[in-house]
Amino acid sequence: MPEAGILYGYFRSSAAYRVRIAVNLKRLEVEQRAVHLRKGEQRDSAFLRHNPAGLVPFWSEQGFGLSQSLAIIEYLDECFPEPPLLPGSARDRAIIREMALTIATDIHPLGNLRVLDKLTADYGSDEAARAAWCRTWIERGFEAIEKRLASSPGQLCYGDTPTLADICLVPQMFNARRYGVDLTRYPLMARTDAALAEIDAFQQALPSRQPDAE
Ligand SMILES: N[C@@H](CCC(=O)N[C@@H](CS)C(=O)NCC(=O)O)C(=O)O
């Protein structure tokens with residue numbers, strides 16, 4: 001079992017937002033430390049010594065550090081099994097992971113700050129071009145998830161209790177709004193997001209509720 005962990009994050013980081021939701025669902029007491037991404041604190045040598053990836057979230061315990069939001073969440077889920085974030089049969093869990101990974105590996109990395117900064121540095125992309133780029137990849141992934149939700153049981157992404165898929169969905173919907181994606185094209189996702197917004201663990205994890213929110 002992890003001792004009280006430290007979660008390094010940033011209020012607007014959607015990957016850190018995922019871990020905040022998981023921590024809240026598990027009712028874990030964690031210390032949160034802000035890493036200001038816009039100021040480049042993720043590249044400070046002291047942070048890189050612990051976390052060579054130079055990204056947030058980063059989970060730290062006595063003698064143990066872990067990057068990658070999904071690895072952190074699955075670690076917490078194994079240490080604190082209730083409520084389960086990957087419930088059901090092997091097939092159920094695979095479908096939940098499919099949705100989570102569509103967001104975490106197909107959509108999210110393409111909208112990461114360092115990718116957008118590279119677009120600007122190498123191709124002169126302005127704010128509008130950066131947002132259009134993000135919308136492209138969000139919409140491609142959302143089309144697949146919307147179709148999956150059409151055959152999913154329950155009111156949430158998969159069933160009626162929050163899973164890893166819901167944990168990934170809500171922060172990505174937040175990003176989609178930020179970049180002006182037309183969410184009326186994804187009614188099942190919008191309905192699921194609205195249902196999740198009623199849950200305290202999701203409310204407490206909102207970027208605007210974090211101590212480092214601007
Ligand atoms: N796959 C990683 C992604 C982590 C990631 O990209 N974090 C972003 C914030 S959402 C970050 O730290 N960006 C800093 C940068 O691009 O310099 C995860 O799921 O944890």
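Colleague: Leaving aside neighbours within four places in sequence, which residues is Arg 33 in contact with?
Modeller: Arg 33 is in contact with Ile 6 and Tyr 8 (C-beta atoms, placed from the backbone, within 7 Å). This is a predicted model, in which local features need pLDDT of at least 70, side-chain atom pairs count only at pLDDT 80 or more, and totals for chains, interfaces and linings use all residues. Residues are numbered from 1 along each chain as its sequence is written.

Colleague: Which strand holds Arg 33?
Modeller: Arg 33 belongs to strand 2, residues 31-34. Strands are DSSP runs of E with at least two residues, helices are runs of H or I with at least four, and both are numbered from the N terminus.

Colleague: How far is Arg 33 from Pro 57 in space?
Modeller: The C-alpha atoms of Arg 33 and Pro 57 are 10.0 Å apart, with a separation of 24 residues in sequence.

Colleague: Now the ligand: which residues come nearest?
Modeller: Ser 13, Leu 55, Ser 69, Leu 113 and Arg 114 come nearest, out of 15 residues around the ligand. A residue is near if its C-beta atom, placed from the backbone, lies within 6 Å.

Colleague: Which helices each supply at least two residues of that shell?
Modeller: Helix 1 (14-25), helix 3 (69-79) and helix 5 (113-123) do.

Colleague: And why does the ligand lie between the domains?
Modeller: Domain 1 (6-83 + 203-209) and domain 2 (90-199) both give residues to the shell around the ligand, so the ligand lies between them. The domain bounds come from an automatic or database assignment.

Colleague: Which residues of helix 8 meet helix 6?
Modeller: Leu 188, Met 189 and Thr 192 of helix 8 meet Phe 142, Ile 145, Glu 146, Leu 149 and Ala 150 of helix 6.

Methods. Contact = placed C-beta atoms within 7 Å.
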